[in-house]
Amino acid sequence: SAVISQKPSRDICQRGTSLTIQCQVDSQVTMMFWYRQQPGQSLTLIATANQGSEATYESGFVIDKFPISRPNLTFSTLTVSNMSPEDSSIYLCSVEDPDLGGRANEKLFFGSGTQLSVL
Amino acid sequence: GQSLEQPSEVTAVEGAIVQINCTYQTSGFYGLSWYQQHDGGAPTFLSYNALDGLEETGRFSSFLSRSDSYGYLLLQELQMKDSASYFCAVKGRYSYKLIFGSGTRLLVRP
């Protein structure tokens, strides 16, 4: 299993500012995933963060808007830059179960989420 | 790519049985997962079907039919605390990404 500490849990931000979300995992993991979830909607993958390399972004998400850091195997940050009201959402980090191996590992553990409201 | 479709909402009474369906389109995948998410909470893993057939975990069972591109989550002896959103998910065989379905909101009534 894995326990993820994510912060902040919520924030209200002004348009044009930036917010950095942090996730700390209690074990070393290769990949960390960042998802976005609009109210009442599904989870959409933003990017995958690997230690020692640039994050891999999904279609519709760019590094300038969502820069990611992955300085070691237990920590990652996601920044939401130059925010607009359309960025209001829940942001979640997640990792695969470190006790399971292989490419078929589909058991994810999630942080508690960051509820972002942009005014 | 992958796409997964689920009913948007299901309502059932306490003590009943409910089935949440998931149909998918994917070019090769390992298996089908299910996650539960209560309002205001993070998703939590429920089950995983790597093979066709039924997997049972307590009151919850999950089924997969690869030939029909179809799976379902079966919840028995429904309790009020089962009111939540349920997501099916797949990881493509040549991908490291878990893609989630549209989600089904289950409302359990007394």
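Let's start with chain A. From the N terminus on, its elements run β-β-β-β-β-β-β-β-β-β-β. That is 11 strands and zero helices. Keep in mind that this is a predicted model.

Now the overall shape. The C-alpha trace of chain A spans about 40 × 30 × 25 Å along its principal axes. The radius of gyration of chain A is 14 Å, which agrees with the value near 14 Å for a compact globule of 119 residues. Of those 119 residues, 51% count as buried. Next, contacts within chain A. Take those between residues at least 6 apart in sequence: 55% of them join residues at least 24 apart.

On to the interface. How is the size of an interface often given? As the accessible area lost when the parts come together. Here, the area buried between chain A and chain B is about 1,700 Å². Carbon and sulfur atoms give 53% of that area. Chain A brings 22 residues to the contact, and chain B brings 23.

What holds polar partners across this contact? The count is six residue pairs in polar contact between chain A and chain B, both residues at pLDDT 80 or more. Which strands of chain A each supply at least two residues to the side that touches chain B? They are β4 (31–37), β5 (43–50), β9 (89–96) and β10 (108–110). β4(A) gives the largest share, with four residues. By type, the side of chain A that touches chain B divides into nine nonpolar, eight polar and five charged residues.

Look at one glutamine pair. The side chain of Gln37(B) makes a polar contact with the side chain of Gln37(A), at 2.8 Å. Gln37(B) sits in strand β4 of chain B, residues 29–37. Is Gln37(B) buried or exposed? Its relative accessibility is 7%, so Gln37(B) counts as buried; the cut-off for buried is under 20%. Leaving out residues up to four places away in sequence, Gln37(B) also touches residues of chain B, among them Pro43(B), Ala84(B) and Phe87(B).

Now the charged pairs. Side chains of opposite charge can pair when their charged atoms come close. Over all chains, the search finds seven salt bridges. How many cross the interface of chain A and chain B? Two.

One joins Lys97(B) to Glu58(A), at 2.8 Å from N to O. Another joins Lys91(B) to Glu96(A), at 2.7 Å from N to O. Lys91(B) lies in strand β9 of chain B, residues 84–92, and Glu96(A) in strand β9 of chain A, so this pair joins two chains. Lys91(B) is buried, at 2% relative accessible area. Glu96(A) is buried too, at 16%.

Other salt bridges stay inside chain B. Arg105(B) pairs with Asp39(B), with the closest N and O atoms 2.8 Å apart. Arg105(B) is in strand β11 (residues 104–109), while Asp39(B) is in the loop between β4 and β5 (44–49). The two are 66 residues apart, so the pair links distant parts of the chain. Arg105(B) is partly exposed, at 38% relative accessibility. Asp39(B) is exposed, at 59%.

Last one. Arg59(B) forms a salt bridge with Asp82(B), the closest N and O atoms being 2.8 Å apart. Arg59(B) lies in the loop between β6 and β7, and Asp82(B) in the loop between β8 and β9, so the pair ties together parts 23 residues apart in sequence. Asp82(B) counts as buried, at 2% relative accessibility.

Note on methods. Residues numbered from 1 in each chain as written. Chains lettered and ligands numbered in written order. Predicted model: local features only at pLDDT ≥ 70, side-chain atom pairs only at ≥ 80, totals over all residues. Heavy atoms only, no water. Contact = heavy atoms within 4.5 Å. Buried area = accessible area lost by both parts, 1.4 Å probe. Salt bridge = Lys/Arg side-chain N within 4 Å of Asp/Glu carboxyl O. Polar contact = N/O pair within 3.5 Å; in protein donor to acceptor, adjacent residues only side chain to side chain. Nonpolar A, V, L, I, M, F, W, Y, C, P; charged D, E, K, R; others polar. Buried < 20%, exposed > 50% of the residue type's maximum accessible area, 1.4 Å probe, protein only. Rg over C-alpha atoms; globule rule 2.2 N^0.38 Å.
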